[in-house]
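Me: I have a protein model open and want to learn how to read it. Can we go through it feature by feature?

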Amino acid sequence: SLRKCSQCKFVRYCSISCQKLDWSLHKVECKGIARITPNVPTNTIRLLVRLLAKKTMTQNESKTLPGGGEWEMDLLTSHVPRYSEELKHSLTEQVFGAKLLIGDTIEFNTELAYNIACKIVSNSFSILDSEMNSIGAGIYIIPALFNHSCNPNCVVLFDGCKMKLRTIREIAQNEQILERDEGNIYKNIIYFVAHVIVVMTTKWKAV
(Lines give C-alpha, C1' and ligand atoms only; values in the text may rest on other atoms or scores of the structure.)
Protein backbone atom coordinates (compact mmCIF):
# COMPACT_ATOMS: atom_id res chain seq x y z
CA SER A 1 0.00 0.00 0.00
CA LEU A 2 1.09 3.59 -0.56
CA ARG A 3 2.49 5.62 2.33
CA LYS A 4 0.89 8.98 3.15
CA CYS A 5 3.03 11.97 4.04
CA SER A 6 2.54 12.28 7.81
CA GLN A 7 2.23 16.07 7.60
CA CYS A 8 -0.05 16.88 4.66
CA LYS A 9 -1.67 13.41 4.55
CA PHE A 10 -2.26 13.96 0.82
CA VAL A 11 0.83 12.96 -1.14
CA ARG A 12 1.56 9.23 -1.12
CA TYR A 13 4.72 7.27 -1.79
CA CYS A 14 5.59 3.70 -2.70
CA SER A 15 8.47 3.55 -0.19
CA ILE A 16 10.45 5.50 2.40
CA SER A 17 13.32 5.93 -0.05
CA CYS A 18 10.96 7.41 -2.65
CA GLN A 19 9.63 9.80 0.00
CA LYS A 20 13.12 10.90 1.00
CA LEU A 21 14.10 11.55 -2.62
CA ASP A 22 11.03 13.74 -3.08
CA TRP A 23 11.33 15.73 0.13
CA SER A 24 13.43 18.56 -1.31
CA LEU A 25 10.47 19.44 -3.55
CA HIS A 26 7.56 18.27 -1.42
CA LYS A 27 8.62 20.36 1.58
CA VAL A 28 7.79 23.48 -0.46
CA GLU A 29 4.16 22.40 -0.89
CA CYS A 30 3.59 20.22 2.19
CA LYS A 31 2.45 22.87 4.72
CA GLY A 32 0.36 24.59 2.07
CA ILE A 33 -1.47 21.38 1.17
CA ALA A 34 -2.20 20.76 4.86
CA ARG A 35 -3.35 24.36 5.28
CA ILE A 36 -5.96 24.25 2.50
CA THR A 37 -7.38 20.83 3.44
CA PRO A 38 -10.06 19.62 2.64
CA ASN A 39 -9.49 21.50 -0.63
CA VAL A 40 -7.13 19.74 -3.02
CA PRO A 41 -4.56 21.51 -5.24
CA THR A 42 -4.73 20.74 -8.94
CA ASN A 43 -1.92 18.87 -10.67
CA THR A 44 -1.15 22.03 -12.66
CA ILE A 45 -0.69 24.15 -9.53
CA ARG A 46 1.48 21.48 -7.90
CA LEU A 47 3.54 21.24 -11.08
CA LEU A 48 3.99 25.02 -11.05
CA VAL A 49 5.02 24.97 -7.37
CA ARG A 50 7.57 22.23 -7.93
CA LEU A 51 9.06 23.94 -10.96
CA LEU A 52 9.43 27.14 -8.94
CA ALA A 53 11.09 25.11 -6.18
CA LYS A 54 13.44 23.45 -8.66
CA LYS A 55 14.36 26.84 -10.14
CA THR A 56 15.13 28.16 -6.64
CA MET A 57 17.23 25.09 -5.80
CA THR A 58 19.31 25.39 -8.99
CA GLN A 59 19.58 29.19 -9.35
CA ASN A 60 23.20 29.22 -8.21
CA GLU A 61 24.26 26.47 -10.62
CA SER A 62 26.34 27.59 -13.58
CA LYS A 63 24.77 26.25 -16.76
CA THR A 64 24.58 27.50 -20.34
CA LEU A 65 22.02 25.94 -22.66
CA PRO A 66 21.28 26.53 -26.37
CA GLY A 67 19.94 30.03 -26.93
CA GLY A 68 21.59 31.30 -23.75
CA GLY A 69 19.16 29.60 -21.39
CA GLU A 70 20.14 28.94 -17.78
CA TRP A 71 17.80 26.05 -16.98
CA GLU A 72 15.82 23.49 -18.93
CA MET A 73 12.53 25.43 -18.98
CA ASP A 74 14.29 28.21 -20.90
CA LEU A 75 14.37 25.87 -23.90
CA LEU A 76 10.57 25.90 -24.08
CA THR A 77 8.37 28.58 -25.58
CA SER A 78 4.86 29.74 -24.80
CA HIS A 79 2.24 31.31 -27.05
CA VAL A 80 1.04 34.15 -24.85
CA PRO A 81 -0.05 36.44 -27.75
CA ARG A 82 -2.54 33.74 -28.77
CA TYR A 83 -4.03 33.33 -25.29
CA SER A 84 -7.60 34.46 -24.72
CA GLU A 85 -8.42 36.77 -21.84
CA GLU A 86 -10.16 33.83 -20.16
CA LEU A 87 -6.99 31.74 -20.31
CA LYS A 88 -4.87 34.62 -19.02
CA HIS A 89 -7.27 35.00 -16.11
CA SER A 90 -7.01 31.26 -15.42
CA LEU A 91 -3.20 31.48 -15.43
CA THR A 92 -3.33 34.37 -12.95
CA GLU A 93 -5.50 32.22 -10.67
CA GLN A 94 -2.97 29.38 -10.95
CA VAL A 95 -0.18 31.74 -9.92
CA PHE A 96 -2.26 32.87 -6.94
CA GLY A 97 -2.89 29.21 -6.04
CA ALA A 98 0.83 28.46 -6.24
CA LYS A 99 1.63 31.41 -3.98
CA LEU A 100 -0.96 30.20 -1.46
CA LEU A 101 0.54 26.72 -1.50
CA ILE A 102 4.15 27.91 -1.16
CA GLY A 103 3.51 30.37 1.67
CA ASP A 104 6.84 31.47 3.08
CA THR A 105 8.81 28.30 2.28
CA ILE A 106 10.68 29.94 -0.62
CA GLU A 107 10.82 33.43 -2.10
CA PHE A 108 7.93 33.84 -4.53
CA ASN A 109 8.56 35.59 -7.85
CA THR A 110 5.19 36.42 -9.45
CA GLU A 111 6.65 37.20 -12.89
CA LEU A 112 8.62 33.95 -12.98
CA ALA A 113 5.59 32.00 -11.78
CA TYR A 114 3.41 33.44 -14.56
CA ASN A 115 6.09 32.70 -17.15
CA ILE A 116 6.32 29.08 -16.00
CA ALA A 117 2.51 28.77 -15.92
CA CYS A 118 2.41 29.88 -19.57
CA LYS A 119 5.01 27.29 -20.51
CA ILE A 120 3.07 24.58 -18.67
CA VAL A 121 0.00 25.38 -20.79
CA SER A 122 1.97 24.99 -24.03
CA ASN A 123 4.36 22.16 -23.10
CA SER A 124 3.07 19.90 -20.34
CA PHE A 125 1.79 16.37 -20.92
CA SER A 126 -1.08 14.62 -19.18
CA ILE A 127 0.27 11.29 -17.98
CA LEU A 128 -2.20 8.54 -18.88
CA ASP A 129 -2.61 4.99 -17.64
CA SER A 130 -3.33 1.98 -19.86
CA GLU A 131 -7.03 2.91 -19.91
CA MET A 132 -6.23 6.50 -20.98
CA ASN A 133 -7.17 7.96 -17.59
CA SER A 134 -5.12 10.95 -16.47
CA ILE A 135 -2.94 10.08 -13.47
CA GLY A 136 -0.70 13.13 -13.40
CA ALA A 137 1.11 15.82 -15.34
CA GLY A 138 4.72 16.36 -16.32
CA ILE A 139 7.19 18.39 -18.32
CA TYR A 140 9.28 16.34 -20.76
CA ILE A 141 11.75 18.75 -22.32
CA ILE A 142 12.75 17.03 -25.57
CA PRO A 143 9.26 15.75 -26.52
CA ALA A 144 7.84 19.20 -25.74
CA LEU A 145 9.98 20.54 -28.59
CA PHE A 146 8.27 18.29 -31.14
CA ASN A 147 5.67 19.87 -33.40
CA HIS A 148 2.09 18.62 -33.55
CA SER A 149 0.54 17.53 -36.82
CA CYS A 150 -2.69 16.14 -38.28
CA ASN A 151 -0.40 13.76 -40.16
CA PRO A 152 1.97 12.61 -37.38
CA ASN A 153 4.78 10.08 -37.68
CA CYS A 154 4.76 9.13 -34.00
CA VAL A 155 2.53 9.00 -30.93
CA VAL A 156 3.04 9.56 -27.21
CA LEU A 157 2.11 6.87 -24.67
CA PHE A 158 3.12 6.24 -21.06
CA ASP A 159 4.49 3.44 -18.93
CA GLY A 160 3.92 4.83 -15.43
CA CYS A 161 5.57 8.25 -15.59
CA LYS A 162 8.00 7.15 -18.32
CA MET A 163 7.04 8.50 -21.72
CA LYS A 164 7.15 6.24 -24.77
CA LEU A 165 7.44 7.80 -28.20
CA ARG A 166 6.41 5.28 -30.85
CA THR A 167 6.67 5.68 -34.59
CA ILE A 168 3.56 4.91 -36.65
CA ARG A 169 5.25 5.09 -40.06
CA GLU A 170 8.70 5.24 -41.56
CA ILE A 171 10.51 8.51 -40.82
CA ALA A 172 12.70 9.76 -43.63
CA GLN A 173 16.18 11.16 -43.04
CA ASN A 174 16.04 14.82 -41.97
CA GLU A 175 12.25 14.62 -41.53
CA GLN A 176 11.16 16.32 -38.34
CA ILE A 177 9.36 14.34 -35.64
CA LEU A 178 5.65 15.14 -35.61
CA GLU A 179 3.50 13.80 -32.82
CA ARG A 180 -0.05 13.47 -31.64
CA ASP A 181 -1.36 12.12 -28.37
CA GLU A 182 -2.90 8.83 -29.45
CA GLY A 183 -2.63 6.09 -32.05
CA ASN A 184 -2.74 2.33 -32.50
CA ILE A 185 -0.12 1.35 -35.12
CA TYR A 186 3.41 1.25 -33.68
CA LYS A 187 6.80 0.40 -35.19
CA ASN A 188 9.78 1.62 -33.16
CA ILE A 189 9.96 3.00 -29.64
CA ILE A 190 12.01 5.64 -27.79
CA TYR A 191 11.75 6.18 -24.03
CA PHE A 192 11.85 9.54 -22.26
CA VAL A 193 11.95 10.22 -18.55
CA ALA A 194 10.65 13.57 -17.31
CA HIS A 195 13.67 15.87 -17.36
CA VAL A 196 12.21 18.48 -15.05
CA ILE A 197 9.35 17.27 -12.88
CA VAL A 198 6.35 14.97 -12.72
CA VAL A 199 3.31 15.30 -10.47
CA MET A 200 1.20 12.21 -9.94
CA THR A 201 -2.24 11.98 -8.38
CA THR A 202 -2.69 10.39 -4.96
CA LYS A 203 -3.38 7.03 -6.61
CA TRP A 204 0.26 6.88 -7.74
CA LYS A 205 3.61 7.69 -6.23
CA ALA A 206 4.79 11.26 -6.55
CA VAL A 207 8.10 11.40 -8.43
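**Reading the helices, the pocket and the loops**

Reply: Start with helix H2. At 1.5 Å a residue, its 16 residues should span 22 Å, and its end C-alpha atoms are 22 Å apart, so the two values agree. Keep in mind that this is a predicted model.

Me: Which residues of H2 are buried?

Reply: First the general idea. An α-helix has 3.6 residues a turn, so residues three or four places apart point the same way. Now the case here. The buried residues of H2 are Ile45, Arg46, Leu47, Leu48, Val49, Arg50, Leu51, Leu52, Ala53 and Lys55. Note that Arg46, Arg50 and Lys55 are on that list.

Me: How far apart are the end C-alpha atoms of helix H1?

Reply: They are only 25 Å apart. H1 covers residues 16-36, which is 21 residues. A straight helix would reach 30 Å at 1.5 Å a residue, and H1 falls short of that.

Me: Where does H1 bend?

Reply: At Trp23, by about 65 degrees. Look along H1 for its buried residues too. Among them are Cys18, Asp22, Leu25, His26 and Val28. Glu29, Cys30, Gly32, Ile33 and Ile36 are buried as well.

Me: Is Arg35 buried, exposed or partly exposed?

Reply: Arg35 is in helix H1. Its relative accessibility is 46%, so it counts as partly exposed. Arg35 and Leu100 are 65 residues apart along the chain, yet their C-alpha atoms are separated by 9.2 Å.

Me: Which residue is 27 residues from Thr37 along the chain, with its C-alpha atom 9.0 Å away?

Reply: That is Phe10. Phe10 is found in the loop between S1 and S2. Its relative accessible area is 17%, under the 20% cut-off, so Phe10 is buried.

Me: What is the phi of Lys9?

Reply: Near 55 degrees, a positive value in a residue other than glycine. Lys9 lies in the loop between strand S1 (3-4) and strand S2 (12-13). Its relative accessibility is 53%, so Lys9 counts as exposed.

Me: What about the phi of Asn174?

Reply: Asn174 is not a glycine, but its phi is positive, about 70 degrees. Find Asn174 in the loop between strand S7 (162-167) and strand S8 (178-180). With a relative accessible area of 76%, Asn174 is exposed.

Me: Now pockets. What is the volume of the largest pocket?

Reply: The general idea comes first. Rolling a probe the size of a water molecule over the atoms shows where empty space is left. Here the largest pocket has a volume of about 410 Å³. It is lined by 21 residues, and the closest to its centre are Ser122, Asn123, Ala144, His148 and Glu179.

Me: Which element supplies the largest share of that lining?

Reply: Strand S3, with 4 residues. At least two residues each come from helix H4 (110-123), strand S3 (124-128), helix H5 (141-144), strand S5 (147-148) and strand S6 (154-159). Sort the lining by type and you get 11 nonpolar, 8 polar and 2 charged residues.

Me: How many aromatic pairs does a search of the whole structure find?

Reply: It finds 2. One of them is Phe125 with Tyr140. Their ring centres are 5.9 Å apart and their planes are at 90 degrees, an edge-to-face pair. Phe125 lies in strand S3 and Tyr140 in the loop between strand S4 (134-139) and H5, so the pair ties together parts that are 15 residues apart in sequence. Both Phe125 and Tyr140 are buried. Ring pairs link Phe125, Tyr140 and Phe158 into a cluster.

Me: Where is Lys162?

Reply: In strand S7. Its relative accessible area is 37%, so Lys162 is partly exposed. Lys162 and Ile127 are 35 residues apart in sequence and 8.8 Å apart in space, C-alpha to C-alpha.

Conventions
Residues are numbered from 1 along each chain as its sequence is written. This is a predicted model: local features need pLDDT of at least 70, side-chain atom pairs count only at pLDDT 80 or more; totals for chains, interfaces and linings use all residues. Side-chain values use heavy atoms; hydrogens and water are left out. The expected span of a helix is 1.5 Å times one less than its number of residues. The bend at a residue is the angle between axes fitted to the seven residues ending there and the seven starting there. Buried means under 20% relative accessible area, exposed over 50%, partly exposed in between (1.4 Å probe, protein chains only). On a 1 Å grid over the protein atoms alone, a cavity is a set of points where a 1.4 Å probe fits but cannot get out, and a pocket is an open set with protein on both sides within 12 Å along at least five of seven lines; lining residues have an atom within 4 Å of a point. Grid points are joined across faces, edges and corners, and a volume is the space filled by probe spheres set on the points. Ala, Val, Leu, Ile, Met, Phe, Trp, Tyr, Cys and Pro count as nonpolar, Asp, Glu, Lys and Arg as charged, and the others, Gly among them, as polar. Rings of Phe, Tyr and Trp (its six-membered ring) pair if their centres lie within 6.5 Å; planes under 30 degrees apart count as stacked, over 60 as edge-to-face and the rest as tilted.
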